[in-house]
Amino acid sequence: VNFPDGLVSIGSCAFKGIVTLPEITLPATLQAVGNGAFDKCENLKTVRYSGDIATWCAIQFEMNGNPLVNGADFYVGGEKVVDLIIPEGVNKPGEFTFQGCGSIERVVCPASMTELTVGMFMSCKHIKEAVFLGEITVPGVLHFAGCEALTDIYVSNPEGDGVLMVGAQFSTNAKVHYVGTWSIDDFYSLE
């Protein structure tokens, strides 16, 4: 299903439980998706987005409204998103922004991002590493809940001490590494 350009919202429970929906393409004009809009669409395996990561981060998703919620792979600009690099300039993404995404394995949050929102990476079962290039606060809950593969979280901390991520909920297997000032190049050196 290709949603038309100009679409700005999808209502609550709009496609809930439709099991014959394997792939969708969403326009860059999308701004809001209601509660449960794509919940239980178990065969939805591919979500294509015509915008970029920054505009995706601006969409207001309610719980289980994100079409990625059932483990779908995410494509932006025709490319499968495995290494998710949130661009500089994004400071507070919407809630449940990547909830359930099946393709993301590594995440980099920019120095401009000051807040990790509720359910942002909840149930992203393939995330292994998360890197935070700046100081970040984490109000709310469920940030990385259900991220069973998450083993390493790198937190940039120029002073070299203190806990900058008070209240974050991570996988019980995740180890938090406090490092000095980082750049995107440092992320690529982890490979």
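Visitor: Are Phe132 and Phe144 buried or exposed?
Guide: Both Phe132 and Phe144 are buried; the term buried denotes under 20% relative accessible area, exposed over 50%, and partly exposed the range in between, with a 1.4 Å probe and protein chains only. This is a predicted model, in which local features need pLDDT of at least 70, side-chain atom pairs count only at pLDDT 80 or more, and totals for chains, interfaces and linings use all residues. Residues are numbered from 1 along each chain as its sequence is written, and side-chain values use heavy atoms, with hydrogens and water left out.
Visitor: Why is Ala14 called partly exposed?
Guide: The relative accessibility of Ala14 is 41%, and partly exposed covers values between the limits for buried and exposed; therefore Ala14 counts as partly exposed.
Visitor: How many aromatic pairs does the structure hold?
Guide: The structure holds 9 aromatic pairs. Rings of Phe, Tyr and Trp (its six-membered ring) pair if their centres lie within 6.5 Å; planes under 30 degrees apart count as stacked, over 60 as edge-to-face and the rest as tilted.
Visitor: What makes the pair of Trp56 and Phe61 tilted?
Guide: The ring centres of Trp56 and Phe61 are 5.1 Å apart and the planes stand at 45 degrees, so the pair is tilted. Trp56 is buried, at 0% relative accessible area, and Phe61 is buried at 3%.
Visitor: Why is the pair of Phe132 and Phe144 called edge-to-face?
Guide: With centres 6.4 Å apart and planes at 90 degrees, the rings of Phe132 and Phe144 form an edge-to-face pair.
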